[in-house]
Amino acid sequence: MSEILFDRIALIGIGLIGSSIARDVKKLGLAKEVVISTRSLETLKRAEELELGTSYVASAAEAVKDADLVIVSVPVGASEAVAQQIAPHLKPGAIVTDVGSTKASVIAQMAPHMPESVHFIPGHPLAGTEKSGPDAGFSGLFKGRWCIFTPLEGTDADALARLRGFWEALGSMCDEMDPQHHDKVLAIVSHLPHIIAYNIVGTADDLETVTESEVIKYSASGFRDFTRLAASDPTMWRDVCLHNKDAILEMLARFSEDLAYLQRAIRWGEGDKLFELFSRTRTIRRSIVQAGQDVDVPDFGRHALDK
Ligand SMILES: NC(=O)C1=CN([C@@H]2O[C@H](COP(=O)(O)OP(=O)(O)OC[C@H]3O[C@@H](n4cnc5c(N)ncnc54)[C@H](O)[C@@H]3O)[C@@H](O)[C@H]2O)C=CC1
Ligand SMILES: O=C(O)C(=O)Cc1ccc(O)cc1
């Protein structure tokens, strides 16, 4: 059992990410009280059945009262609505953070509503799966994973250090970044891979009508890897696309250009070009594996806190 880091934590949104945080907080004893609130009463009831917190309230405003740490874990498009609901009820000195996959838009939605008396520190744990909802979370999700903060100018150093300490207690490695830079980096390493997966699985599904069930029947592991990403939550990914539009479009333009290069090399039988690219990318995979960042979803257990 670790030490208590916050007396009262409020979790707004209790899906995959919120419930994984709740499980770690409970397991490690990081808070005296964990108040949970979420939009649907059905999910709230499920959180209670799973005993994820110490109290369960229907309104976000009620949940944040007296909370020292507020973690907003909702689809990024709901950030402003949540900020509006909680703002008048936040305790002076409280730390308010989020876990959204995009950062500039979350800041634009939330920061204007935050009272000066609280510390608003946007965050993003780079850990997750294609699943969603409170049953999908698990203890240890964040272990060995990066958590990126995109602090606003003038952020209180002690508050940032406390939030960092919290994520480190969950096993994360922490870093800081400018929100625009975060959004560009994440566009290429996370958002594009999901968009490409949605696209290829959609294309295969369209072909299915032509080839009957062959696409699914003979799908090799490469295609199956894409289907895992393409099974990710539609609301969450719709919001990511809408709220990181510029960076995603910039990376998609670059991606399409490079795909055209590949297409041309195939058309003209330029094997040397194909070989050069495929060798370069193979080196990248090998360096990721060496750095221990190759954890596929089925292997998460290896990193779980309970092992
Ligand atoms: N799924 C993943 O792998 C990762 C997701 N994220 C980010 O974490 C956030 C949450 O994602 P998940 O936990 O995966 O989603 P989820 O779909 O599992 O859970 C979302 C939760 O938010 C609640 N919610 C939705 N709209 C709400 C509103 N207006 N007010 C209050 N609660 C509301 C839902 O009831 C649910 O409890 C998103 O912003 C996502 O971009 C970050 C890292 C990884
Ligand atoms: O399931 C996967 O492979 C992921 O990439 C999970 C993920 C989704 C969104 C994020 O912002 C961070 C991590």
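How do the residues of the shell around ligand 2 divide into nonpolar, polar and charged?

1. The shell around ligand 2 has three nonpolar, four polar and one charged residue. Ala, Val, Leu, Ile, Met, Phe, Trp, Tyr, Cys and Pro count as nonpolar, Asp, Glu, Lys and Arg as charged, and the others, Gly among them, as polar. Its members are Ser101, Leu126, Ala127, Gly128, Thr129, Glu130, Ser190 and Leu229 (C-beta atom, placed from the backbone, within 6 Å of the ligand).

2. This is a predicted model, in which local features need pLDDT of at least 70 and side-chain atom pairs pLDDT 80 or more, while totals for chains, interfaces and linings use all residues. Residues are numbered from 1 along each chain as its sequence is written, and chains are lettered from A and ligands numbered from 1 in the order in which they are written.

3. The protein has 13 helices and nine strands (DSSP runs: H or I of at least four residues for helices, E of at least two for strands). Its C-alpha trace spans about 65 × 40 × 35 Å along the principal axes.

4. Of the 307 residues, 36% are buried (20 or more other C-beta atoms within 10 Å of the residue's own, all placed from the backbone).

Key
Buried ≥ 20, exposed ≤ 12 C-beta atoms within 10 Å, placed from the backbone.
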